[in-house]
Amino acid sequence: MAGVIEQRSIDVVPDDERHGSAVNQFTLWLGANLQITAVVTGALAVVFGSNAFWALIGLLLGNLAGGAVMALHSAQGPRLGLPQMITSRAQFGVRGAVVPLALVIVMYIGFFASGSVLAGQAVGELTHLGGTVGIVLFAAVTALAAAVGYRLIHLLGKVAGLVCALAFVYLGIRLLERVDLAALLHDRGFGLPVFLLAVSLSASWQLAFGPYVADYSRYLPRHTSTRATFWWTLGGSVLGAQWSMTFGALAAAAAPGAFVGHEVGYLVGLGGTGLIASCLYFVIALGKLTINILNTYGGFMSLVTSVSGFRGQRTLSARGRSAYIAGIMVAGTAVALLGKDSFLTSFKDFLLFLLTFFTPWSAINLVDYYLISKERYDIPALTDPGGRYGAWNVRALTVYVVGVLAQLPFLATHFYTGPLVAPLGGADVSWLIGLAVPAVLYWIAARNDTARLAEPEPGEGSRTPVGLGG
């Protein structure tokens, strides 16, 4: 088992432990996206007012835009051999990185909870023990798999990608047997606000992977082409998400009363009864297991990164690893049990509100890595508050806060709507502001920071000048 159970956490993966190829990113992210929560996300575009035709186009644009940003983060993994969020220390400081990290941890717990609600329904039906017990059982299996780590995560991604793809082909055929696709797509009336909502929903879905996507590419050999990592990640994530969201949008347009609020039951009922129904419950649980393991593992990494920034910890014992993962599981399960009866509206607002906090982080991280640091980081300094990156980078943190605040006038959620939403016809364009404003401000603030950008001494850090053409 020693070769199966992962030993590393936030420390650098040495070259002699690297393995795999970039195509593994395709299978992992395909499997992570072919699942029930992505179906619900696609359905939301129709539930909140769009027709099916423009919903599908908006969802595709959002998946491509958000997926490109997410895949750029993935390409950092082979070069640095580090989890995604620890590289935030190069921008925000060794301790300052805890600011975006705290919000990332909330995201993981939220996605763990939302996934457990839907998967718990499937497990409850499959075992005849009910939704509450199903949620608890599903959470426990998720935590156990996350504790095993990287190799099992990628194996599950391959299995889930194949199984869920076959299931979605079958469900798609069944859906088209019941509905008139031409009639569903006949309405071409365009409404900018609901179109932009569809774009925002899928973009936020993809951008939310950004804070942990490199966690699952960091074991790739250092010489792995950055271009290959980018395109395989983008291809798997966009294909899987668009496939699931298209199904959700069409199902919501065809049978809003039967689908909305009964998503798991609708999918299973669409497929059939008896053994087929049991298989579909299993497929739903398997798809959610894949993504919830990513959320648990990413939350564990983020917690360790946060704590180690203050304790100077570089490695983690097996007992410590289990404790962090158990903490994520308990918190996520509690939220799932408390919020399972108001899932749909809460999840939509959760997605859009999270986007407010992660787009500025993503913009700052990518500008720093690709445009300012030129893919070179001083790895030892990432654990030294007195080193090149310091404990707190006030300029980066200020840009981050400005990036968050700049979005608020354009943000539209159930509990808060900005003053500039109405003049735009109700459209939510906050995520575009959240990418553009901090990207420009950070480039201006950091491009001449010569002390932080000085080339590491030989052997001191990572030299990886290869770009997207590498």
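A residue counts as buried when its relative accessible area is under 20%, as exposed when over 50%, and as partly exposed in between (1.4 Å probe, protein chains only). Ser-74 is buried by this rule, because its relative accessible area is 0%.

This is a predicted model, in which local features need pLDDT of at least 70 and side-chain atom pairs count only at pLDDT 80 or more, while totals for chains, interfaces and linings use all residues. Residues are numbered from 1 along each chain as its sequence is written, and side-chain values use heavy atoms, with hydrogens and water left out.

Helices (H or I, at least four residues) and strands (E, at least two) are DSSP runs, numbered from the N terminus. Contact, or touching, means heavy atoms within 4.5 Å. The neighbours named in this section leave out residues up to four places away in sequence.

Ser-74 is in helix 3. It touches Gln-25, Gln-84, Val-213, Ala-214, Ser-217, Thr-229 and Thr-233. Ser-74 and Arg-447 are 373 residues apart along the chain, and 23 Å separates their C-alpha atoms.

Ala-71 also lies in helix 3, which covers residues 52–74. Its relative accessibility is 0%, so Ala-71 counts as buried. Ala-71 has contacts with Phe-230, Thr-233 and Leu-234.

Gln-206 belongs to helix 10 (residues 192–207) and is buried, at 0% relative accessibility. Its contacts are Asn-33, Asn-63, Gly-66, Gly-67, Met-70, Ser-237, Val-238 and Ala-241.

## Aromatic rings

Rings of Phe, Tyr and Trp (its six-membered ring) pair if their centres lie within 6.5 Å; planes under 30 degrees apart count as stacked, over 60 as edge-to-face and the rest as tilted. A search of the whole structure gives 22 aromatic pairs. Two of them are set out here.

| Ring pair | Distance between centres | Angle between planes | Class |
|---|---|---|---|
| Phe-209 and Tyr-212 | 6.1 Å | 40° | tilted |
| Tyr-297 and Phe-300 | 6.1 Å | 65° | edge-to-face |

Phe-209 is buried, with a relative accessible area of 4%, and Tyr-212 is buried at 1%. Tyr-297 and Phe-300 are both buried. They are three residues apart in helix 14 (residues 275–311), so about one helical turn separates them.

## Charges over rings

A charge sits over a ring if NZ of Lys or CZ of Arg is within 6 Å of the ring centre and within 35 degrees of the ring normal. The charged end of Arg-188 is placed this way over the ring of Phe-53, 4.1 Å from its centre. Arg-447 lies over the face of Trp-443, with 4.6 Å to the ring centre.

## Two packed helices

Two packed helices are described by the angle between their axes and the distance between the axes. Axes are lines fitted to C-alpha atoms, for helices over the stretch in contact, and angles run from 0 to 180 degrees between N-to-C directions. Helix 8 (residues 150–178) packs against helix 13 (residues 263–271) at an angle of about 80°, and their axes are 9 Å apart. Helix 8 is therefore roughly perpendicular to helix 13 (65 to 115 degrees; under 35 is roughly parallel, over 145 roughly antiparallel and the rest oblique).

Helix 8 contributes Tyr-170, Leu-171, Arg-174, Leu-175 and Arg-178 to the contact, and helix 13 contributes Tyr-266, Leu-267, Gly-269, Leu-270 and Gly-271. These residues divide into six nonpolar, two polar and two charged. Here Ala, Val, Leu, Ile, Met, Phe, Trp, Tyr, Cys and Pro count as nonpolar, Asp, Glu, Lys and Arg as charged, and the others, Gly among them, as polar.
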